[in-house]
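The sequence and the structure are shown first.

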Amino acid sequence: MPNLSWILRFGVIELSAIILFATSLFTFLLYALDKAKAKKGQWRISEGVLIFFTLALGGFGAFFAMALLRHKTRRRKFKAATFVGLLIALVPLIHITHALTLDRIVRYREISFYAENWPQELDGFRIAFMTDFHIIPHEDMRDVASRLNQRNLDLVLLGGDFSAGNNHYQGTIAEIAQIITTHGIFGVSGNHDRDHQLAPIKQQHGIGLLSNSGVQVANGFYLAGVQDLWWGWGDPDVAMATASANPDDFILLISHNPDVVMLQPTANIGLTLAGHTHGGQITFFGYPLYLLFGNVSAYGTRFGAGFAHSDDGTPIFTSRGIGVYYHIPRIFSRPEVVIFTMHHGTQ
């Protein structure tokens, strides 16, 4: 398999933009050359070649050639090919534009969650969930923390995956620790993490690390977290993590990898929060095509982003995450912080 690291270093978006521009320019020049040859009565470029490049991301070039050079404007098949070519070329242009704009702006998503066994005295309890931090710049994390401090949070939960390179995770955690809550900050480790690295720095900043364990956050509310599913050091155990909960507690589970809820019983869980899939990272108008290959989740697009259900029917919310995975851009997979307002009862 060829080494594609140079593409990642150069930039997937930047390379895509160059290819789109170069193809459009080349198509425009082909039309211009063909018209020049026509005026001189010379051998022409075949119509098949012109139409091929018109449809192969050259729609913009063909459009401007027809508009500016008035070439092939009377031929219906060229008008049709240019129209189709424009539509084809618009697809990467829209994705490139989205990646360079909205996909670089964190979305703060507010969700009201209702449960009959959520404690009445905690009605309106606000929980922020963030995951998949990776190489998020420290200044961006600082801005997120500042914005969250304006939202009256009771609890902050972290879904794991910090970048260990150059000890980047230490700065990320330090910024997260600046978020003010009434009941603390807790998190789990992801497949890119190691507890022996995260535990000391989290403890230093007063952040609880849940590793097949849990904590009684308040009367009637138990928070549990499991180890990651993927790596050999991890052995997620939902039963162990929830063993100390009271029978009537609302249990909220954090699992970096959402696949855990398909492999272990979760009937006693009120809500699971997960990450890992990045919403597909690079998607087609938001549809996570990459997840269909099963490389990230064994369940395809089931846990792409948003709400789904476990194997035994309990709700799970998978976040797209907040950071960028090294040099791979987000495309129609906007980074997000999800804020749950918990309510007693049914909606």
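Are α3 and α5 roughly parallel or roughly antiparallel to each other? This is a predicted model, and the reply below rests on its atoms. Two packed helices are in general described by the angle between their axes together with the distance between those axes. The axes of α3 and helix α5, the latter covering residues 76-100, come within 8 Å and cross at roughly 25°. Since angles under 35 degrees count as roughly parallel, α3 and α5 are therefore roughly parallel to each other. On the α3 side the meeting residues are Glu47, Leu50, Ile51, Thr54 and Leu55, while α5 contributes Lys77, Phe78, Ala81, Thr82, Val84, Gly85 and Ile88. Sorted by class, this contact of α3 with α5 has seven nonpolar, three polar and two charged residues.

Further along α5 lies histidine 98, which is buried, with a relative accessible area of 16%. When residues up to four places away in sequence are not counted, histidine 98 touches Asp103 and Phe332.

**Aromatic pairs**

The count of aromatic pairs comes to 18. For phenylalanine 26 and phenylalanine 53, the ring centres are 5.1 Å apart and the planes stand at 65°, so this pair is edge-to-face. Phenylalanine 26 belongs to helix α2 (residues 12-40) and phenylalanine 53 to helix α3 (residues 47-55), so the pair ties together parts that are 27 residues apart in sequence. Phenylalanine 26 counts as partly exposed at 41% relative accessibility, and phenylalanine 53 also counts as partly exposed, at 24%.

The rings of phenylalanine 113 and phenylalanine 307 have their centres 6.3 Å apart and their planes at 20°, so that pair is stacked. This pair links distant parts of the chain, with phenylalanine 113 in strand β1 (residues 107-115) and phenylalanine 307 in strand β10, 194 residues apart. Phenylalanine 113 counts as buried at 10% relative accessibility, whereas phenylalanine 307 is partly exposed, with a relative accessible area of 41%. Ring pairs also join Phe113 and Phe307 with others into a cluster, among them Trp118, Phe125, Phe221, Phe250, Phe317 and Phe340.

Phenylalanine 28 is likewise placed in helix α2, and with a relative accessible area of 21% phenylalanine 28 is partly exposed. The C-alpha atoms of phenylalanine 28 and phenylalanine 64 are separated by 7.0 Å, although these residues are 36 residues apart along the chain. Not counting residues up to four places away in sequence, phenylalanine 28 touches Gly61, Phe64, Ala65, Leu68 and Leu69.

**Polar side chains and their partners**

Histidine 343 has its place in strand β12, residues 336-344, and counts as buried at 16% relative accessibility. The side chain of histidine 343 makes a polar contact with the side chain of aspartate 123, at 3.4 Å. With neighbours within four places in sequence left aside, the residues in contact with histidine 343 include Ser112, Phe113, Tyr114, Ala115, Trp118 and Gly124.

Aspartate 312 lies in the loop between β10 (306-309) and β11 (315-318) and is partly exposed, with a relative accessible area of 35%. Leaving aside its neighbours within four places in sequence, aspartate 312 is in contact with Pro265, Thr266 and Ala267. Alanine 267 is 45 residues from aspartate 312 in sequence, yet their C-alpha atoms are 6.2 Å apart in space.

| Side chain | Partner | Distance |
|---|---|---|
| Aspartate 312 | Threonine 266, side chain | 2.6 Å |
| Histidine 343 | Aspartate 123, side chain | 3.4 Å |

**Backbone angles**

Most residues other than glycine have a negative phi. Where does the backbone of this model depart from that pattern? Aspartate 161 has a positive phi, near 70°; this residue lies in the loop between β3 (155-158) and α7 (168-176) and is buried, with a relative accessible area of 2%. Histidine 276, though not a glycine, has a positive phi of about 75°. Histidine 276 is found in the loop between β9 (271-274) and β10, and at 8% relative accessibility histidine 276 counts as buried.

Note on methods. Residues numbered from 1 in each chain as written. Predicted model: local features only at pLDDT ≥ 70, side-chain atom pairs only at ≥ 80, totals over all residues. Heavy atoms only, no water. Helix = DSSP H or I, 4+ residues; strand = E, 2+ residues; numbered from the N terminus. Buried < 20%, exposed > 50% of the residue type's maximum accessible area, 1.4 Å probe, protein only. Contact = heavy atoms within 4.5 Å. Polar contact = N/O pair within 3.5 Å; in protein donor to acceptor, adjacent residues only side chain to side chain. Phe/Tyr/Trp six-rings, centres within 6.5 Å; stacked < 30°, edge-to-face > 60°. Axes fitted to C-alpha atoms, helices over the stretch in contact; angles between N-to-C directions. Parallel < 35°, antiparallel > 145°, perpendicular 65-115°, else oblique. Nonpolar A, V, L, I, M, F, W, Y, C, P; charged D, E, K, R; others polar.
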